[in-house]
Amino acid sequence: MSHLRPVDGPPLLTDQATGILRRDILTTRLAPGETVSEGATAQRLGLGKAPVRAALARLAEEGLVLSVPRRGWVVSMVTIRDIHEVFDLRLLLEPEAARRAAGRADGAVLAHLDAVCAAGYRPEDEESALAFLDANRAFHVAIADLSGNLRLARVIGRLLDESTRMLVLGLRRRDRTGEMAHEHAELVKMLADGRGAEAAALMHEQVAASRDMVLAALTAPDAAIAV
């Protein structure tokens with residue numbers, strides 16, 4: 001029977017299992033290429049196999065796990081092509097979203113974005129890094145929302161989700177808290193002043209810097225993870 005065949009589990013338990021497993025994959029507690037046993041996972045989470053199987057099917061739709069014959073579920077790899085494709089799309093879409101968002105933000109929205117800028121992380125602490133990336137995602141999604149194009153905002157949100165695991169791996173090797181907070185604060189000023197072209201240019205620089213950080217981390221000779 002295919003692992004991708006829809007399997008119904010209790011909705012709340014499936015949601016619980018999905019959330020835990022997604023976070024384990026994004027923080028690389030479940031590393032790329034690692035096999036995920038339904039039975040062992042169900043035991044670890046204190047759940048039945050049905051919600052775990054349903055959760056894994058959901059994560060397969062998100063591209064985080066794969067169904068492999070005779071191995072079961074395997075955490076998907078992070079490839080150089082994945083990095084280039086995700087960040088190429090971000091470089092195409094996010095500067096345009098920032099350009100459109102300029103001059104649209106009210107005081108409350110700008111105050112929220114400015115607070116998000118203050119988030120930091122500890123490179124050695126995966127939970128800390130993921131919390132930082134949650135805040136970073138909120139910042140970028142808020143700007144996309146301000147563009148006024150809901151479809152554009154949804155696409156950017158999905159790309160940010162895809163890039164989270166890549167960024168977790170990159171942040172382990174370099175603390176960019178200060179740089180990113182400064183970049184975000186400058187972007188907020190540009191948005192408030194209605195400087196669309198400058199906001200677009202700075203957004204392009206930010207996304208490109210994140211891409212370069214990830215590529216440098218994952219292609220380093222001593223990288224602890226295969227891509």
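How much space lies in the largest pocket? The volume is about 510 Å³. This is a predicted model, in which local features need pLDDT of at least 70 and side-chain atom pairs count only at pLDDT 80 or more, while totals for chains, interfaces and linings use all residues. Residues are numbered from 1 along each chain as its sequence is written, and side-chain values use heavy atoms, with hydrogens and water left out.

**View 1. The largest pocket and its lining.** A pocket is an open set of points on a 1 Å grid over the protein atoms alone, where a 1.4 Å probe fits, with protein on both sides within 12 Å along at least five of seven lines; lining residues have an atom within 4 Å of a point. The lining holds 23 residues, and Leu26, Glu62, Leu64, Asp161 and Glu162 lie nearest the centre. Helix 1 (11–26), helix 4 (80–101), helix 6 (126–146) and helix 7 (150–171) each give two or more residues to this lining. Helix 7 supplies the largest share, six residues. Eight lining residues are nonpolar, four polar and eleven charged; Asp, Glu, Lys and Arg count as charged.

**View 2. Helix 3.** Helices (H or I, at least four residues) and strands (E, at least two) are DSSP runs, numbered from the N terminus. Helix 3 covers residues 49–61, 13 residues in total, and reaches 19 Å from its first C-alpha to its last, close to the expected 18 Å. That expected span is 1.5 Å times one less than the number of residues. Buried residues (under 20% relative accessible area, 1.4 Å probe, protein chains only) of helix 3 include Pro51, Val52, Leu56 and Leu59. Glycine 63, which follows helix 3, has a positive phi near 85°.

**View 3. Strands 1, 2 and 3.** Two strands pair if DSSP finds at least two bridges between them. Strand 1 (residues 35–36) pairs with strand 3 (residues 72–75) in the antiparallel sense over two bridges. Strand 2 (residues 65–68) is also antiparallel to strand 3, over four bridges. Tryptophan 73 of strand 3 is the bridge partner of valine 36 and of serine 67.

**View 4. The hairpin turn.** Strand 2 and strand 3 form a hairpin with three residues between them. Arginine 70, in the turn, has a positive phi of about 70°. Valine 68 has glycine 72 in strand 3 as its bridge partner.

Key:
Buried means under 20% relative accessible area, exposed over 50%, partly exposed in between (1.4 Å probe, protein chains only). Grid points are joined across faces, edges and corners, and a volume is the space filled by probe spheres set on the points.
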